[in-house]
Amino acid sequence: MPLTLSNARLRLHLDLPHENYQRSRFDWSGKITQVFFQGIPLTAVETTAGEPGQFYGQGFYNEFGMDALPGFQEANIGDWCHKIGVGLVRKESETYLFHQDYDIRPATFEVKAEPERCEISCESELVNGYAYLLH
């Protein structure tokens, strides 16, 4: 169920890490799907021509590693490497393409939510000499 954070002027709708969008491009811990300022919507859904019902992003999605991933060059084809905020993705070719869907081993997230505040964090395992703490 999406989380709503609000105060007198601002209302944010967030999808929690394992809700709705679960593909390999965007950070699962930063899925702000809607923003309203004094009741006025400030967000939209990015659509793609010819693909009804599909979208690349919505609201304010975050992305780490659009051009390169930590450990991608060191990994062999078929091995795993980090996609920060998603988990591990399986390397399928010598070139990383941000818009391609990859096999995922999802990260484990911790969520602490209050009416006006939400903290989402994850700590990765060490893979190909890289690890991270997203907080």
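Reader: Is G30 buried or exposed in this structure?

Author: Buried means under 20% relative accessible area, exposed over 50%, and partly exposed in between, with a 1.4 Å probe and protein chains only. G30 has 17% relative accessibility, so G30 counts as buried. This is a predicted model, in which local features need pLDDT of at least 70 and side-chain atom pairs count only at pLDDT 80 or more, while totals for chains, interfaces and linings use all residues. Residues are numbered from 1 along each chain as its sequence is written, and side-chain values use heavy atoms, with hydrogens and water left out.

Reader: Which residues does G30 touch?

Author: Contact means heavy atoms within 4.5 Å. Leaving aside residues up to four places away in sequence, G30 touches F60, Y61 and N62.

Reader: How is a pair of aromatic rings described?

Author: One gives the distance of the centres and the angle of the planes. Rings of Phe, Tyr and Trp (its six-membered ring) pair if their centres lie within 6.5 Å, and planes under 30 degrees apart count as stacked, over 60 as edge-to-face and the rest as tilted. The structure holds 6 aromatic pairs. The ring centres of Y96 and Y102 are 5.4 Å apart with the planes at 20°, so this pair is stacked. Y96 counts as buried at 9% relative accessibility, and Y102 counts as buried at 7%. Elsewhere, ring pairs link Y21, F26 and Y61 into a cluster.

Reader: Where does the charged end of K91 sit?

Author: A charge sits over a ring if NZ of Lys or CZ of Arg is within 6 Å of the ring centre and within 35 degrees of the ring normal. The charged end of K91 is over the ring of F72, 4.7 Å from its centre.
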